[in-house]
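I wanted to see how the copies in this assembly are related and through what they meet. These are my entries.

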Protein chains: 4
Amino acid sequence: MGNSFGQLFRITTWGESHGGGVGVVIDGCPPRIELSEADIQRELDRRRPGQSSIVTQRNEPDHAEILSGVFEGQTLGTPIAILVRNQDADPEAYKKIVNIFRPSHADYTYEAKYGIRNWQGGGRASARETIGRVAAGAVAQLVLRRLFPAFEVVAYVTQVHEVIAKIDSQRVTRADVDRNAVRCPDEAAAKIMMQLIDDVRREGDSVGGTIECVIRGLDAGLGDPVFDKLEAELAKATLSLPATKGFEIGSGFAATVMRGSEHNDLFETRDGRVRTTTNFSGGVQGGISNGEDIVFRVGFKPTSTIAREQQTITSAGEETTIEPGGRHDPCVLPRAVPMVEAMAALVICDQALRQRAISLGAEQ
Amino acid sequence: MGNSFGQLFRITTWGESHGGGVGVVIDGCPPRIELSEADIQRELDRRRPGQSSIVTQRNEPDHAEILSGVFEGQTLGTPIAILVRNQDADPEAYKKIVNIFRPSHADYTYEAKYGIRNWQGGGRASARETIGRVAAGAVAQLVLRRLFPAFEVVAYVTQVHEVIAKIDSQRVTRADVDRNAVRCPDEAAAKIMMQLIDDVRREGDSVGGTIECVIRGLDAGLGDPVFDKLEAELAKATLSLPATKGFEIGSGFAATVMRGSEHNDLFETRDGRVRTTTNFSGGVQGGISNGEDIVFRVGFKPTSTIAREQQTITSAGEETTIEPGGRHDPCVLPRAVPMVEAMAALVICDQALRQRAISLGAEQ
Amino acid sequence: MGNSFGQLFRITTWGESHGGGVGVVIDGCPPRIELSEADIQRELDRRRPGQSSIVTQRNEPDHAEILSGVFEGQTLGTPIAILVRNQDADPEAYKKIVNIFRPSHADYTYEAKYGIRNWQGGGRASARETIGRVAAGAVAQLVLRRLFPAFEVVAYVTQVHEVIAKIDSQRVTRADVDRNAVRCPDEAAAKIMMQLIDDVRREGDSVGGTIECVIRGLDAGLGDPVFDKLEAELAKATLSLPATKGFEIGSGFAATVMRGSEHNDLFETRDGRVRTTTNFSGGVQGGISNGEDIVFRVGFKPTSTIAREQQTITSAGEETTIEPGGRHDPCVLPRAVPMVEAMAALVICDQALRQRAISLGAEQ
Amino acid sequence: MGNSFGQLFRITTWGESHGGGVGVVIDGCPPRIELSEADIQRELDRRRPGQSSIVTQRNEPDHAEILSGVFEGQTLGTPIAILVRNQDADPEAYKKIVNIFRPSHADYTYEAKYGIRNWQGGGRASARETIGRVAAGAVAQLVLRRLFPAFEVVAYVTQVHEVIAKIDSQRVTRADVDRNAVRCPDEAAAKIMMQLIDDVRREGDSVGGTIECVIRGLDAGLGDPVFDKLEAELAKATLSLPATKGFEIGSGFAATVMRGSEHNDLFETRDGRVRTTTNFSGGVQGGISNGEDIVFRVGFKPTSTIAREQQTITSAGEETTIEPGGRHDPCVLPRAVPMVEAMAALVICDQALRQRAISLGAEQ
C-alpha cells in the first residue's frame with residue numbers, strides 16, 4: 001500500500017527498472033484540465049537518462065503514453081493512466097551480482113522484506129520508478145496553474161560536494177535552471193560542479209549535494225494540521241525520493257543557532273496584503289502556507305553505485321568483493337531537480353483540493 | 001482529515017489548548033497487550049509543563065483517562081480513547097491579543113485557512129495537541145516491545161543554540177537522558193545548556209536546538225516503498241511536531257560533502273547476521289530498515305513566544321506592536337524529547353504491523 | 001482501522017457499552033458551521049433507550065459533551081470530539097454468561113477475532129456504539145443544510161414483521177415519523193406494529209422489519225465511481241449498523257422481475273431542469289446522484305436477545321443452555337431510524353465535500 | 001479517489017471503454033505468490049464479451065499483460081500492473097447520440113458531475129471497467145488459497161426475471177456453474193433462462209435477476225467492526241458493480257418476517273469446532289466471519305440498453321427520442337458471475353491481511 005501518494009489528488013506508481021515498463025495512475029484529477037502527452041513528455045525529458053554527458057548513458061526515450069482519463073485534449077475526471085515502456089534494459093549485466101548485496105543499495109533490505117527481489121538493475125528501488133512521479137507532477141502543475149495563475153515551482157542545484165552556489169530564490173526561473181547540464185543557475189559554480197562530476201566519474205567515484213526548491217504564487221491557507229502540515233508533507237514527499245538524506249524548510253537547521261528575537265518573521269501590510277518582513281518560516285507557519293514563497297532544501301548522498309572494488313557479502317552471508325557494473329550517474333542531482341519539483345507540485349495540488357473541499361465561503 | 005496518522009496503527013488526535021481537553025483515539029492496536037493508565041501517565045509526565053524550572057510554568061497535571069478499548073488490564077482490539085482535561089487554562093490572558101497576529105505563530109495562517117480561530121492560547125496549534133501523540137506513543141512502545149523484545153527508542157538533546165553535546169548514540173539510555181532537566185546525556189554540555197536557557201529566559205528571548213533519536217532492536221524489513229519509506233515516514237512524523245524546521249537520517253546533510261567511496265556502508269557477517277561496518281545509512285536502505293540502529297535528528301527553531309515588543313499587524317491589517325503574554329518555554333527541546341520518541345514509535349509500530357500483514361511465511 | 005468512516009468528512013467512533021463511555025471524533029468538518037450541544041442532543045434523544053414503552057428500558061440520558069472543535073458556537077475546522085458517558089451500566093447482569101456464547105450475537109466472533117472480549121453487555125458490538133454515529137450525523141446534517149438549502153433526510157419504518165405500511169416517500173416529513181413511538185408514518189399500520197411489538201415482548205421473542213430512507217434536495221453529481229458509487233457507500237454505511245441483513249436502492253430486488261422497457265427512467269425537462277418521469281433508479285445512476293429523491297431500504301433481523309431458553313456452547317465448547325438477561329429491544333427499528341438517517345447524512349456530506357474539491361468551475 | 005478499493009490489498013482500476021485500454025494496479029499483494037498471465041486470463045475469459053450467444057457480440061480478446069510486480073513466476077511484493085488493450089472499439093456507432101442522454105445510463109450524471117464525458121460507449125461507466133476488478137480478483141484468489149487451503153468462492157445465477165433456480169449453496173461447484181452459458185447450475189432452470197434471454201433479445205428488451213455467492217473454507221475472525229464489517233464491505237464491493245440494485249446476506253430481507261426464536265443460529269460443537277445449527281447469519285455475526293459458509297445475494301436490474309425507441313432529452317434539455325445502438329447484453333448476469341466472485345475475493349483477501357496484522361499470537 002506504500003505505492004500511493006496524496007489523498008485527493010492521489011497517484012499510484014508501479015514498475016521495475018527491468019520488465020514491462022513503469023507508470024502511474026492519477027486518481028482525483030479535476031475534470032476539464034487541458035492535457036496532452038507533450039505536457040508530460042516535457043517534464044520526462046528533463047529527468048531522462050542520457051540527456052547530457054554528466055548523467056547515466058542508459059538510452060531510454062521514456063516516451064509517455066496516456067492510456068485513459070483524457071478525451072479530446074481534456075481530463076475527464078476519471079483516472080489518468082500513463083505508461084512508459086522500458087527499452088534499453090540490460091539484465092545480462094546484472095547476472096554476475098544476482099546473489100551479491102551491493103553496498104548502500106536496497107538489495108539486502110528488499111531481500112529481507114520480501115524474501116525475493118528482481119535483481120535485474122535496481123528493480124523497484126531504481127530511480128526509474130520516479131518516472132511515474134514526474135509524469136504525475138506535470139499534471140499537478142497544470143491543475144495548480146489553473147487554481148493559482150501565478151503558481152510556479154522551481155528547483156535547482158545549490159551545492160555539489162563542497163561547491164556551493166549563490167542563488168536568489170526570489171528571482172530564479174526555470175529557464176535559468178535549465179541553462180546548464182548540472183541545473184545550477186549560478187553559472188560560475190555550475191562550471192566547477194560539472195568539472196568535479198566529470199573528474200569524479202573518471203575516478204569511478206560519486207558525489208552528492210543539495211537541491212533547493214521554491215514555490216511561488218500560492219494563497220495562504222494550504223496545509224492540513226496537525227499531521228499533514230505542509231512542511232511534513234513536503235518532507236515525506238522528497239525523502240521518499242532515492243538517495244535523499246535530509247530535508248529542511250526556511251531557516252532549517254540554521255534556526256537552531258538563532259534566537260527567537262532574530263528568527264521571528266514580523267508581519268506587515270505590503271501591497272495591500274499580509275506579508276512578513278523576513279521569511280525564516282519558509283512560507284509555512286503552523287503547518288499552513290502564509291502566502292510567502294515556500295522554500296525548502298533536500299540533501300542527497302553520493303550515488304551508491306561506484307566503479308570501485310568494495311567488500312560485501314553474498315546472500316548466503318559469505319564475504320566477497322564487488323565492482324558494480326551497470327550504467328549510472330556519478331551525481332544524481334541534475335536529474336533529481338524535476339523529481340523534487342514534481343513531488344512539491346503533488347503535495348501542493350493535493351492540499352489545494354483539500355482546502356477547496358472545506359471552504360464553504362460566506363454563504364450565510 | 002489531517003488529524004489522523006498511521007495506516008494500521010492509526011491515531012486521531014483532537015483538542016485545543018483551551019476548551020474541554022485534548023485526547024486521542026487509537027484504532028488498530030492489537031488485542032491482548034497489557035496496558036494501564038500508568039503506562040501512559042509515565043510518558044505524559046515527561047512532556048508535561050511545570051516539570052522543571054527551565055520549562056513553562058503552566059500547571060497541568062495532564063492526567064490521562066482511558067475511556068475505552070481496555071478491559072481487565074488488556075487491550076481489546078477496539079479503539080482506545082484517551083482523554084486529558086485542560087485545567088490551568090487562562091483565556092483572559094489572551095484577550096488583549098484576540099485581533100493581533102503573533103509573529104511566527106499560527107494565528108494568521110489559521111485565520112487564513114479556516115476564517116476563524118480559537119484565540120485562547122494556541123488553540124489547535126498549541127503544543128498541548130501533542131499530548132495525544134505522546135499517549136498513543138506509549139501504547140505503540142508496548143506493542144513494539146511485544147514484537148521485538150530488544151526494542152528501544154531513545155531521544156535526547158544534542159544541541160541547544162551553539163552548545164553541542166557529545167553523545168554515543170549506540171550506548172545512550174533513557175535513564176541517561178532523564179538524569180537532567182534539559183534531557184542532554186552529556187552532563188557537561190547539559191549544565192551549559194541549562195544556564196543558557198535560564199539566561200535567555202531572563203532576557204525574554206528563546207533558543208532552539210537539535211534532538212537526536214535512536215531506535216534499536218528492530219528486524220530488517222520495515223518500511224514500505226516507494227512513498228512510505230521509513231525515513232520519509234519518520235520525517236513526516238517529526239516535522240508535524242510544533243517548531244521543527246529540519247530532519248536528517250544517518251549521515252544527513254553531511255552526506256552532501258562525502259564521496260560514494262567514503263559513504264557506502266560495507267556489508268559483513270557479524271555475530272551470525274548481516275551487518276554493516278559503518279552506519280551512514282542510519283539504519284535504512286532503500287526506505288527499509290536494515291537491522292542497524294535507526295538514527296535521525298530533528299532541528300527545532302527558537303520558540304516564537306518571546307517577552308519582547310515586536311512589530312506586527314492586527315487582523316484588519318493595521319500596524320501595531322505586541323509583547324506576547326502567556327506562559328511559555330524559552331526552549332522547547334527538553335519537553336520535545338518524549339514527543340520525538342512517540343512519533344518514532346508510532347511510525348515503527350505502524351510499519352511493523354504492515355510488515356506482518358504481507359509476510360505469509362514459508363510456502364506451503 | 002475499521003472504526004473510521006468517510007474520506008473528507010471522516011468520523012472515528014470509540015467505546016464499549018460498559019466502560020468510560022462512547023464517543024466520536026469528526027475530522028474534516030468545514031469551519032464556521034453553527035453548532036451547539038443541543039443540535040446533537042436532539043438526535044441522540046431520538047435514538048436513546050427508554051424513550052417509549054416499546055424500546056429497551058436501560059436508563060441512559062446519553063448527554064453529549066462537545067470537547068473540542070467548536071468555539072463561540074461555530075465549528076473551528078479542527079476535530080470535533082464528542083463524549084457520552086455510560087451511566088446505567090449493569091455489568092453484574094452479565095457475569096453468569098461470561099463464558100457462554102449467546103446465539104446470533106457477536107460473542108463468539110469477537111472471541112475468535114481478538115482472543116478477548118468485554119463480556120459486560122455487548123461491548124463494542126452493542127448498539128450503544130451508534131451514539132457516535134448519530135452525533136456525527138447531526139453535524140453532517142448541519143453542513144448539508146448549508147450546502148443544499150432544501151436538503152432533508154427522512155427515514156421511517158415501513159414494515160415490522162408482516163405488517164406493511166403505506167407511505168408516500170415524496171411527501172413524508174420527519175414530524176410525521178416522530179408522531180408515534182414506532183416511527184411509522186402510516187398511523188393505522190403503526191398501531192398494529194406497536195401492538196405486535198408489545199405482544200412479542202411479552203412472549204419473550206423479537207421481530208425485525210424494514211426502514212426506508214429518502215434524501216431530498218441534493219444536486220446531481222454526488223458519488224465517486226467506480227468504487228465509491230453513491231449506492232455502494234450507502235449500502236456499506238447502513239449494513240455496518242447492528243442487525244441489518246439487506247439493502248436495496250430504488251426498485252431494488254423488485255427490479256429483478258422487470259424488463260428494461262419498464263424499468264428505464266425516461267428523461268424530461270420539468271420546471272426548467274432535468275428530471276426523470278419515474279424513479280426506479282432511486283436517485284442514483286452510474287453511482288452518481290441525478291437530482292431525484294434518493295430512496296433506499298434496509299432490512300433488519302429480529303433482535304438476537306430473546307427471553308427464551310436456547311441451546312448454545314461455552315467458550316470451552318461444552319453444550320449448555322442460555323436465557324439471556326439484560327435489557328433489550330424486542331424490535332430495534334424505532335431506534336434505528338435516526339441511525340439510518342445519520343449514516344445517510346454522513347455518506348452524502350462526505351461526497352458533497354469530495355465533489356467541491358474537484359469542481360474548479362469555468363475559470364478558463 | 002473513488003477508483004481504489006481495499007486497505008491492504010488495494011486495487012486501483014483505470015480505463016474507458018474506448019481509448020488506450022483498461023487495467024488495474026494491485027498494491028499490497030504479498031510476495032512469493034506464484035502468478036502467471038494464464039491465472040488472470042482464465043478469469044477474464046469468463047467475463048469477456050462474445051463468449052456465448054446470449055451475451056454481447058463485441059469481439060474483445062481481452063488479453064491481459066502483466067507489466068510489473070512479477071518476476072520469474074512469483075509476485076515481488078511490489079505493485080502488479082495489468083493492462084488490457086481495447087480492440088473492437090467502435091466510436092462511430094456512438095456519434096449520433098453524442099448529445100443525448102440514454103435513459104437509466106450514466107450519461108447525464110457523468111455530465112452533471114464532471115462537465116465532460118467520453119461519449120464513445122459507456123466511457124468509464126462501461127462494464128469494461130470491471131476487467132481490472134476481475135484480473136485483481138484472480139490474484140486475490142491465489143493469495144487466499146495460500147492462506148486458507150480450503151478457500152473457494154463460487155457465484156451463480158439463481159434467478160433471471162421470474163425464473164427461479166433451486167441450488168444447494170453448500171454443494172455447488174464452479175464446474176457446475178460454468179456448465180452452461182447462463183451460469184445457473186440448475187440445468188432445468190438454466191434452459192428456461194437461456195430461452196427467455198434469447199426471446200427478450202429478439203424483442204429488443206432486457207431482463208435482470210439475482211446472483212448468489214458462497215465463500216467457503218475461511219477461518220472465523222475476518223471483518224473489521226464497526227464500519228468495515230464483512231457484510232458492509234461485501235455490500236459496497238458488489239453494489240459498486242454496474243446494474244446492481246440490492247444486496248442481502250444470509251436470511252437477508254426474509255429475516256424481516258421471522259421471529260428471533262426462529263432466526264437465531266444456535267451454537268454447537270461439531271467435528272471438533274464451533275458450528276451453528278442453521279446459517280441465517282450467512283456466515284457473519286457482528287460483522288465478523290464465524291467459520292460457516294458466507295452466503296450473499298445481489299440483485300441486478302434489466303440492462304438499460306434496449307433496442308426500442310424511448311423518450312429522452314438532449315444535453316440542451318430538448319425532448320427527443322433515442323433507439324440506442326451499440327452491442328450489449330440483454331441480460332448482464334452470466335458475465336457478472338466472475339465479477340461478483342472477484343469482488344468477494346478482494347474483500348476477503350483485504351480482511352485476511354488485516355487480520356494477520358493484528359494477530360500477534362500467544363503472549364510471550
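This is a predicted model: local features need pLDDT of at least 70, side-chain atom pairs count only at pLDDT 80 or more; totals for chains, interfaces and linings use all residues.

Residues are numbered from 1 along each chain as its sequence is written, and chains are lettered from A and ligands numbered from 1 in the order in which they are written.

**Chains A and B.** I superposed copies by least squares on the C-alpha atoms of residues with pLDDT of at least 70 in both. The same surface serves both copies, as 100% of the contact residues of chain A recur in chain B; residues are in contact if their C-beta atoms, placed from the backbone, lie within 7 Å.

**Chains A and C, symmetry.** I found a rotation of 180 degrees with 0.0 Å of shift along its axis here too, with RMSD 0.0 Å. The C-alpha of chain A nearest this axis belongs to Ala357(A), 2.2 Å away.

**Chains A and C, contact.** I looked up the residues involved: 14 from chain A and 14 from chain C. On the side of chain A, helix 3 (130-147) and helix 8 (333-358) each supply at least two residues; helices are DSSP runs of H or I, at least four residues, numbered from the N terminus. Helix 8 of chain A gives the largest share, five residues. The copies meet through the same surface, because 100% of the interface residues of chain A are also interface residues in chain C.

Conventions:
Two residues are in contact if their C-beta atoms, placed from the backbone, lie within 7 Å.
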